[in-house]
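Please look through the sequence and the structure shown here. The paragraphs after them go through selected parts in turn.

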Amino acid sequence: MSNAPGLKASIQEQIEHQRETQWRREGVAERLIVLSRESGMDAADMASFESLSSQGWLIVVRCPKPQSRAWHGVFSPKTAATEANTGSSGLVVTARRIMVSDYDLMSVWRRSPAGWDKVFIAPEGGAKRGPLTPEARVFMQTANRQLRSRLQHGCQDDWLSPRNRGVKAGDVFAVFMQGRAHLLQGPRACALFYGVHRLAWPYDGAGRLAI
């Protein structure tokens, strides 16, 4: 709520308070509600990602702006075709609609006897559009049946294009592994996580995708 004594809470703060009350009523773990304040994700969606990860998936998501947490389930997520940038409110406003900043899926991995096998979630050749492999399609469909803010595109790690924004200072990443969520602050922390778990890190020292 508002930090200034005597001032009414902003609409953003009121909606966030309502969402936290809703999540608690739904039985979402308090630790996920706390993590949502920093990740900008819907806490119930974080619980869904944890559930998926308990089934053998390792999922890395670049988080939306923290203010987005109030608006998942209120507005549809930003589509892959939308060029407009997300504002400080966590919303994208166009002439036709309002959208909330979407979850930016970075990579997905599947548990195997050897460790983690990559699930390539992009059209053939790392294209932006086109059919996915059956395994990738199963993951996307399974996730989107559970999420309030549905995934809008494949993995950023797998989009093999010079237009790939790469990773930048200030990015926050949510990792869902073996039924638990963790936040990683910045590309360096994310690269270290990849290294520790023997996952291929596709970005160079400047954060550009190394094609």
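Is the crossing of H2 and H3 left-handed or right-handed? In this predicted model, the crossing of these two helices is right-handed. Helix H2 covers residues 30-39, and its axis comes within 8 Å of the axis of H3, the two crossing at roughly 110°. That angle makes H2 roughly perpendicular to H3, because angles of 65 to 115 degrees are put in that class. Two packed helices are described by the angle between their axes and the distance between the axes. On the H2 side, the residues that meet H3 are Arg31, Leu32, Ile33, Leu35, Ser36 and Ser39, and their counterparts in H3 are Ala43, Met46, Ala47 and Glu50.

Glu50 belongs to helix H3 and is buried, with a relative accessible area of 7%. The cut-off for that word is under 20% relative accessible area. Apart from neighbours within four places in sequence, Glu50 is in contact with Arg31 and Leu32, and also with Phe176, Gly179, Arg180 and Ala181.

Ser53 also lies in H3, which spans residues 43-53. Why does Ser53 count as buried? Its relative accessibility is 2%, and buried means under 20%. The side chain of Ser53 reaches the backbone oxygen of Glu50 at 2.8 Å. A polar atom of the Ser53 side chain also lies 2.8 Å from the backbone nitrogen of Gly179. With neighbours within four places in sequence left aside, the contacts of Ser53 are Ile59, Phe176, Met177, Gln178, Gly179 and Arg180. Of these, Ile59 falls in the range of strand S1 (residues 57-62), and Arg180 falls in the range of strand S7 (180-185).

Five strands form an open sheet in the order S5-S4-S1-S6-S7, with antiparallel pairing. S5 and S7 are the edge strands, each pairing on one side only. On average, neighbouring strands of this sheet are turned by 25° against each other, direction ignored. Strands of a sheet pair through backbone hydrogen bonds, either parallel or antiparallel.

Within this order, S4 has S1 on one side and S5 on the other. Strands S1 and S4 run antiparallel and are joined by six bridges. Trp57 has Arg110 in S4 as its bridge partner. S4 and S5 (residues 115-119) also pair in the antiparallel sense, over five bridges, and Val108 is bridged to Val119 in S5. With two residues between them, S4 and S5 form a hairpin.

How many of the nine residues of strand S4 are buried? Seven of the nine residues, in the stretch 104-112, are buried, so S4 is largely enclosed by the rest of the structure.

Glu83 gives a contrasting case. Glu83 is placed in the loop between S1 and strand S2 (91-93). This residue is exposed, with a relative accessible area of 61%, the cut-off for exposed being over 50%. Glu83 and Ala174 are 91 residues apart in sequence, and their C-alpha atoms are 24 Å apart in space.

Notes
Residues numbered from 1 in each chain as written. Predicted model: local features only at pLDDT ≥ 70, side-chain atom pairs only at ≥ 80, totals over all residues. Heavy atoms only, no water. Buried < 20%, exposed > 50% of the residue type's maximum accessible area, 1.4 Å probe, protein only. Helix = DSSP H or I, 4+ residues; strand = E, 2+ residues; numbered from the N terminus. Pairing = 2+ DSSP bridges. Polar contact = N/O pair within 3.5 Å; in protein donor to acceptor, adjacent residues only side chain to side chain. Contact = heavy atoms within 4.5 Å. Axes fitted to C-alpha atoms, helices over the stretch in contact; angles between N-to-C directions. Parallel < 35°, antiparallel > 145°, perpendicular 65-115°, else oblique. Left-handed = near helix turned anticlockwise from the far one by under 90°.
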